[in-house]
Amino acid sequence: MKGDQFKDNADYVGIISDYIKTQMKEQMKKDENIVYFLVNETTPFKKIKKDQTYFIDENKNLIIAFDEYKLGPGFMGHVEFTIPDELIKAIRKQSIFQTYVLFFNPPIKRYRGFLFM
């Protein structure tokens, strides 16, 4: 997906990163077995990368994916966060899934790629 999917000067990195941090805190509060690197760690999560790994699921949701050890200890494995369309609707130029379909005919259900190349 290209950076031109978002309106000019849209802080999509900040918006998505803040949402992920909120989700991390909520998950840790609900389950003591969930551990994320947020604070007091050598490499705490600050924000997604512009070329962050993502995919679109079968329900047309944007899923941000992280490799093992990127957000937490190894036992957390690969971690994924579903980004609600309401969160990015105001800053995107068009539906992420519509753009995705333009590149794949017929569309595939899941595609892993880089978020904003």
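Which residues lie nearest the centre of the largest pocket? In this predicted model, local features are reported only at a pLDDT of at least 70 and side-chain atom pairs only at pLDDT 80 or more, whereas totals for chains, interfaces and linings use all residues. Residues are numbered from 1 along each chain as its sequence is written, and side-chain values use heavy atoms, with hydrogens and water left out.

The largest pocket is lined by 15 residues, and Lys47, Lys49, Gln52, Phe66 and Lys70 are those that lie nearest its centre. A pocket is here an open set of points on a 1 Å grid over the protein atoms alone, where a 1.4 Å probe fits, with protein on both sides within 12 Å along at least five of seven lines, and lining residues have an atom within 4 Å of a point. The volume of the largest pocket is about 310 Å³, a volume being the space filled by probe spheres set on the points, which are joined across faces, edges and corners. Its lining divides into six nonpolar, three polar and six charged residues, where Ala, Val, Leu, Ile, Met, Phe, Trp, Tyr, Cys and Pro count as nonpolar, Asp, Glu, Lys and Arg as charged, and the others, Gly among them, as polar.

Phe66 also belongs to strand β2 (residues 62-66), which pairs with β3 in the antiparallel sense over five bridges; strands are DSSP runs of E of at least two residues and helices are runs of H or I of at least four, numbered from the N terminus, and two strands pair if DSSP finds at least two bridges between them. Strand β1 (residues 53-56) is joined to β2 by three bridges, and these two strands likewise run antiparallel. Five residues lie between the strands in the hairpin of β1 and β2, where lysine 60 takes a positive phi near 70°.

Both faces of β2 are covered, with Leu62, Ile64 and Phe66 buried on one side and Ile63 and Ala65 buried on the other; buried means under 20% relative accessible area, exposed means over 50%, and partly exposed lies in between (1.4 Å probe, protein chains only).

The structure holds three aromatic pairs, in which rings of Phe, Tyr and Trp (its six-membered ring) pair if their centres lie within 6.5 Å, with planes under 30 degrees apart counted as stacked, over 60 as edge-to-face and the rest as tilted. The rings of tyrosine 36 and phenylalanine 81 form a tilted pair, because their centres are 5.9 Å apart and their planes lie at 45°. Tyrosine 36 lies in the loop between α1 (12-30) and β1 and phenylalanine 81 in strand β3, so this pair ties together parts that are 45 residues apart in sequence. Tyrosine 36 is buried, with a relative accessible area of 5%, as is phenylalanine 81, for which the value is 3%. The rings of phenylalanine 66 and phenylalanine 81, with centres 6.1 Å apart and planes at 80°, are therefore edge-to-face. Phenylalanine 66 counts as buried at 6% relative accessibility. Ring pairs link Tyr36, Phe45, Phe66 and Phe81 into a cluster.

Positive phi values also occur elsewhere in residues other than glycine. Asparagine 9, in the segment before α1, has a phi near 65° and counts as exposed at 82% relative accessibility. Tyrosine 69, in the loop between β2 and β3, has a phi near 75° and is exposed, with a relative accessible area of 55%.
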